[in-house]
Amino acid sequence: MTNGIKRRDFLRVVGVSGAGAGLAGCATGEAEKLLPYVIPPDDITPGVATWYTTVCGECPAGCGVHARTREGRAVKLEGNPAHPISKGALCQRGHASLQGLYNPDRYPGPMLKEGGGFRAATWDEAESLLAERIQGAAGNVLLINGHTGPTLSALFDSFVAGVGGSRVEHEALSEAPLREAVRIAFGQDVLPHYAFAEARLIVSFGADFLETWLSPVEYGKDFARAAVVDAAGSKGRFVAVMPRLSLTGLNADEWLPIKPGAEAAVALAMAGHIVTSGLGDAGPYAGLLQDFTPAVAARLSGISAEAIEELAEQFVSEGPSVAVGPGVAGQHRNATAANLATLILNSVAGNVGRTVHVQGGWTGQKARPYSDMQEAIQRMASGRVGVVMVHGANPAYTLPTASGFGDAFGRVPFKVSFASAPDETAALADLILPDLHYLESWGDSNPRSGIHAIQHPVMRPVTMFDGKQAGDVMLSLSARLGRDLGSATFHDHLRTAWGQLRSDVSGASDADGAGDAWWRDVLRSGVLPEASAPAAAQDDASTSPSLRSSGSALTFGLPEIDGDGMDFTLLVYPSSRLYDGRFANRPWLIELPDPVTKLAWHGWVEMHPDAGDRLGVRNGDVVTVTSPHGSLEAPVYLYKGIRPEAVAISMGGGHTNMGRFADGHGVNPMVLLPAAVEQPSGALVQVATRVTVEPTGEWKRMATIEGSDDQLGRPIAPAVELAALSAVAGSAHAEEGGEAEVHHDELKELNLGGGFVPVPTEGRPEDFPLPGSRYGEYEEALSGPRWAMAIDLDKCTGCSACVTACQAENNVPWVGEEMVAMGRSMAWIRLERYYETIDATQAGPLDVRMLPMMRQHCGNAPCEPVCPVFAAYHTPEGLNAQVYNRCVGTRYCANNCPYKVRVFNWYTYTDVPAPMNWQYNPDVTVRVDGIMEKCTMCVQRVRDVQNQAALGGDRSIADGEIVTACQQTCPAEAITFGNIRDPESRVAQLVASERTYRVLDELINTQPGVSYLKKVTFHAVGSEAE
Amino acid sequence: MTRKPWMLATLIATISIGSVAFVQSQDQDTAASTEQVADTTIQPIAFPHNIHADTFGMDCQYCHFSAERSVDAGMPPVATCAGCHRFIPGEQHPEEVAKVIDYATRGEAIPWVRVYKVADHVTFPHMRHINAGLSCQECHGPVETMGSIEEHDPAWPGANMGMCVQCHVERGASRDCAVCHY
């Protein structure tokens, strides 16, 4: 400083230091506001949830749900235990309804096409414009709609009849071939209802009854009941007869990998073998069965005749049995024949009336034929339609390009869409009248005889979006057109319709004065009480219809497939996450790893590893898939569960106008398909063409949550053979005793290394707290509850509903494709899938293990001692807890976790576009970046029940009162949670089972609080420790 | 830079001042400290707790209605205020009372400024504490003697976990972290 400070330098110093002090201003001094109600609603206590009963509207199955709302916002959906279809469970698509309700891409209000885009319009303007156009169309009005409740459907009919026009129903996943087959075989216009719970042998020719087929939640529950080992030591068996294993197929005990299209031949051969063995009667189809011997079927299907004969014999000896035909994934040009063959097989084996119910089956909601749409497309293209309206359907995306829908739709002078959020069809429309989401709407559902349910709005419409119920729009339009349809609002219309229904069913009418009380009861319970119970509506063995002969000429052999000379048969299957693509803008569902391939966000092409070797492609290599009708590019996924001469692509991706999450992700296989119609059902053919597959030379890093599909000899998901189980209690005890001794020897060696004190345990109630496990000085550890969980892997189907339920309950964020590819998925629970025995070339046993893995709440947790700030610690109740505000983000805990169930917020993923934040559960902290999180066993639910118990006079908590979110939603009832220190609790009893094990526990002595019950197989299991 | 050591010294000083200032400001951000909230608290209506709770002897839970049923104590709806004040114009400050009626007539929520807030990441269930026999004053202080509440009572434990824990220890309630932090 000898030169003295120059003025410039001085100013520089002051300026910089001043800037440093200015950083103190980084704190926001804003105060928070508290806004009270103006007039408080009677049924809302702030901080306490209000529940409403309604029906899920996302697919035609019609599961009843309870919606949990907090301060007027729906935050969670759970199955309605009293509803005959869902019985308390719900699938991942049902949970993700909330992301449809709060989707930021929903239309802000009516939109009118102007110039190249849309401009906002008022409802008055929009409706008067539409009324004007309808009058001008002079009877050429076309209404295209997807699945709707009966009352809205009838209203559509009256409206269309009044203005002159017609209505076409379009469901992309349509069971039209099955409906046609039932019409041919039994003369009834219905889809059968299948009683899986009664069956001891289930044979599926492709129907994905655990994912999208007919009623996946109900059938998932029934399947788990059938598959469980009963007291007599017998277990239901499931055989998959299909070219590609869907998730449903992966749950089978045996796989007959038939060639695509050979379902009918195999079913008929089985039926024929049963008849020739004198065990069944073919009725009018005796001649047909003689044409399809096991030898013929073996030639057509690529499976040995012995395997077919053996299965046929088992189909009778292991009765009651049930066979379900190819679903949408197997819809080829002979799909009606394939379904008819399955019905013949069921009838020959005596299943109709026992496990297959024709009377009391599903209404035709899920069975609209594509041929109706084809006719409508022709009419639009030829200029015979003046106004077209589309509700609940997206044919511009779900139909193949070859169908010509886009062009035909464009020809219509005035096009209207009722879509509440953008889709490809709405993008082509001239006017958009956004419908409300089903959670904001009135409606009803009648999926099956004897089930009438009410769809009840659970909150006022989300204020950001100015939608209007389609029913209200219809009534208002009719009024403008001078027709009075009887009610001012759709609610009144529904009320009148249900008053009529009540009098039809029970004779009681609203005039008796009890109408209002009756209506309130209906709204509270959700179903019409007077309707006959669904079971009573069904046929039984004595009333079941008998087979009729087929009048039409059906081909039962291999179907015609386009693309002669091309390498692979293309299988296009519905996605259990995205369905037909309608859920593609819901990040929970796109990020939910596909249950079979464990891939998220992007699309893929499945091919067998042998085929991959031949082509010289590995996982991730991008290939061009070309059919005679179109082409697309996607990365390859090598899958052992598909025949080597087939490739498969999931529906649902490749959107161009669905929203910010959907666009640009995945591929749409419909571009590869022709617009072929199956006769006589009129269904769209999905197994229609062969394709060539050529590597492009590029490679894509796939977004997968899977580390390996091979257990590599570790006892992660062991299984036990049924024969080993049926051993009587005596030998089981001896086995346990022997194991315990081995256990002690191993653990003594660990002790020598100077490690932690090893403690052998069978997890009995009296064992807790375990000496050597970390409890701190809490006295409550000695007397209070010890929360634990038991998961039965014999019931778990891998459906992944638990993952989405957990995400909804615990504000678990989604992270996007790039993050998932980096291994940063934030899911608190994941489904691991390991292949043990899988062979795509011949009939044989199938053994695929599903393991729901969440934080194990280890008694001897490796994550707890390494946290420098005591954010990860063990509560006296046995939970491994995470104190979010202590966490500084060292990530040592995740490093130490052997199960890799701790997830880190690398960014603030929870900053989501409005109104998606309305969904957040107020009972659970919303985490920001820098915080580690993991499964808490829904501690907020534990605390809630404990609070209720304390308020209720310090009463004790009953077993089963606390239900975690994953447990609550599981259709298979695989998860049980409770107090393991209570010997009467269900979880303590399950843990005492001979099938119980804990993952990796005897290797690393983590003493997890989550016990698993081994899967039971019919064949001898491999060489794991058990 | 070592040729002009005072530049290096300045840089170090800037960084030190800046980071200390930054850290200090972060502290104020997360813990609801008494000083910060007091600076910015001005209620839209000068509601006097002492007149209502002391002079007229109104129960806390007449207005804060969900305290014994819910995690949240509840703010009185505008309809509750208007219920009396439609007929009671107030003697000392009729212009403040008129504001209440004004909000009620317009159907607008009164934007009260929050004074009592526990720290982030804490779930505080009011009903458990009321059920255990605590009076509101134990944590909120002698509210019935307060005029307009502009800052916490000095005894407010919400800003300092130590006071919560002390009470839990004295009364034998659970000291488990996961009882409140989840």
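Helices (H or I, at least four residues) and strands (E, at least two) are DSSP runs, numbered from the N terminus. S15(A) also pairs in the parallel sense with strand S7 (residues 141-145) of chain A, over five bridges, and here A:Asn145 has A:His391 as its bridge partner.

Strand S15 (residues 387-391) of chain A is mostly covered, with five of its five residues buried, where buried means under 20% relative accessible area, exposed over 50% and partly exposed in between (1.4 Å probe, protein chains only).

## Basis of the model

The model is predicted, so local features need pLDDT of at least 70 and side-chain atom pairs count only at pLDDT 80 or more, whereas totals for chains, interfaces and linings use all residues. Residues are numbered from 1 along each chain as its sequence is written, chains are lettered from A and ligands numbered from 1 in the order in which they are written, and side-chain values use heavy atoms, with hydrogens and water left out.

## Helix H6

Helix H6 (residues 176-186) of chain A is largely enclosed by the rest of the structure, because 10 of its 11 residues are buried. Among these buried residues are A:Leu178, A:Arg179, A:Glu180 and A:Phe186. The buried residues of H6(A) pack against strand S9 (191-194), helix H13 (335-348) and strand S14 (356-362) of chain A, and the helix is followed by A:Gly187, whose phi is positive, near 70 degrees.

## Nonpolar cores

In soluble globular proteins, nonpolar side chains tend to be buried together. A nonpolar core is a set of buried Ala, Val, Leu, Ile, Met, Phe, Trp, Tyr and Cys residues joined through side-chain atoms within 4.5 Å. The largest such core has 246 residues, and those touching the most other members include A:Tyr194, A:Trp213, A:Ile344 and A:Tyr1012. Helix H9 (residues 263-276) of chain A supplies the largest share of this core, nine residues. Apart from it lies another core, of 41 residues, among them A:Leu143, A:Val387, A:Leu477 and A:Leu501.

Leaving aside neighbours within four places in sequence, A:Trp213 is in contact with residues including A:Leu178, A:Tyr194, A:Phe196 and A:Val324, contact meaning heavy atoms within 4.5 Å.

Chain A comprises 33 helices and 38 strands, and 62% of its 1026 residues count as buried. Of the contacts in chain A between residues at least 6 apart in sequence, 74% join residues at least 24 apart.

Chain B has nine helices and one strand, in the order α-α-α-α-α-α-β-α-α-α along the sequence, and buried residues make up 31% of its 182 residues. For contacts in chain B between residues at least 6 apart in sequence, 63% join residues at least 24 apart.

Key. Pairing = 2+ DSSP bridges.
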